[in-house]
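Me: I have a structure open and want a quick walk through it. Can we start with the fold and then go inside?

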Amino acid sequence: MTDPSPAARLQEVHARIRAAAEAAGRPCPRLLAVSKVQPAEAVAALAAAGQRAFGENYVQEAAAKRQALDPSVDAALEWHLIGHLQSNKAAVAARVFDWVHSIDRASVVTALAARRDPAAAPLNVLLQVNVEGEEGKAGCRPDEVEALAAAVAAQPRLALRGLMAIPVPHPDPEQRRPAFQAMKRLFDALAARHPQVDTLSMGMSDDFAVAISEGATLVRIGTALFGPRPRP
């Protein structure tokens with residue numbers, strides 16, 4: 001069986017997203033292609049098929065990938081950091097990315113704001129919420145969202161755009177629905193206080209339909225677009 005082309009994979013994923021949104025009576029969310037561990041050539045191929053937003057887990061990997069891409073291709077793309085950010089990587093992250101999804105503490109807010117080039121557009125940020133209180137998992141507590149949002153909003157080099165979460169990976173995606181519902185409540189409350197908030201990033205390859213039904217405005221999909229991840 002012939003492996004589908006990047007364009008065919010992208011078309012199929014968009015069709016599945018539209019179907020989930022229509023079934024739930026929700027607006028169609030944006031698609032973030034999770035390109036971590038994929039080579040620059042795979043990013044270029046998906047970009048040629050029309051995808052513009054790409055998500056990376058590691059700062060240095062994203063920096064190297066951007067360097068490897070043709071400058072004209074790279075200039076047309078939007079880069080999102082979706083992995084945990086250490087404060088000592090903030091200088092590079094502030095330069096490499098257009099969005100950071102993993103803001104979960106005030107020290108990272110300060111570090112990113114200090115390192116963002118004043119000549120560049122403000123860095124779009126999402127607050128990562130550990131919505132189910134998992135031990136050892138990144139993300140702020142739900143009751144910390146407002147204080148962290150206020151810290152971001154006070155920084156002119158940052159733009160508060162919303163929230164991100166990764167629920168407990170229950171085998172049945174339906175078991176993740178309560179976490180998505182809790183995130184939507186947090187998102188609505190945040191947007192009521194900060195009118196610029198417009199992005200709720202939740203849902204991946206195996207649960208995006210449930211996330212969309214509960215109000216996701218951006219879904220993060222990797223394997224369905226790129227195929228199995230390359231072996232190290």
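This is a predicted model: local features need pLDDT of at least 70, side-chain atom pairs count only at pLDDT 80 or more; totals for chains, interfaces and linings use all residues.

Me: How many helices and strands does the protein chain have?
Reply: The protein chain has 10 helices and eight strands. Helices (H or I, at least four residues) and strands (E, at least two) are DSSP runs, numbered from the N terminus.

Me: What radius of gyration does the protein chain have?
Reply: It has 17 Å, which agrees with the value near 17 Å for a compact globule with 232 residues. The radius is taken over C-alpha atoms, and the globule rule is 2.2 Å times the number of residues to the power 0.38. Along its principal axes, the C-alpha trace spans about 50 × 40 × 30 Å.

Me: What share of the residues is buried?
Reply: Buried residues make up 48% of the 232. Buried means under 20% relative accessible area, exposed over 50%, partly exposed in between (1.4 Å probe, protein chains only).

Me: Which residues have the most contacts inside the largest nonpolar core?
Reply: Leu 112 and Leu 163, in a core of 65 residues. Helix 8 (residues 177-193) gives the most to this core, with seven residues. A nonpolar core is a set of buried Ala, Val, Leu, Ile, Met, Phe, Trp, Tyr and Cys residues joined through side-chain atoms within 4.5 Å.

Me: And what is Leu 163 in contact with?
Reply: Leaving aside neighbours within four places in sequence, its contacts (heavy atoms within 4.5 Å) include Leu 126, Val 145, Met 183, Phe 187 and Leu 200.

Me: Back to Leu 112. Which residues of helix 6 are buried?
Reply: In helix 6 (residues 106-115), Val 108, Val 109, Ala 111, Leu 112 and Ala 113 are buried. The buried residues of this helix pack against helix 5 (90-96), strand 4 (99-103), strand 5 (123-128), helix 7 (145-153) and strand 6 (158-164).

Me: Different topic. Where is Asn 57?
Reply: Asn 57 is in the loop between strand 2 (53-56) and helix 3 (59-68).

Me: Buried or exposed, that Asn 57?
Reply: Asn 57 counts as buried because its relative accessibility is 18%. Leaving aside neighbours within four places in sequence, Asn 57 is in contact with Lys 36, Leu 81, Ile 82, Gly 83 and His 84.

Key. Residues are numbered from 1 along each chain as its sequence is written. Side-chain values use heavy atoms; hydrogens and water are left out.
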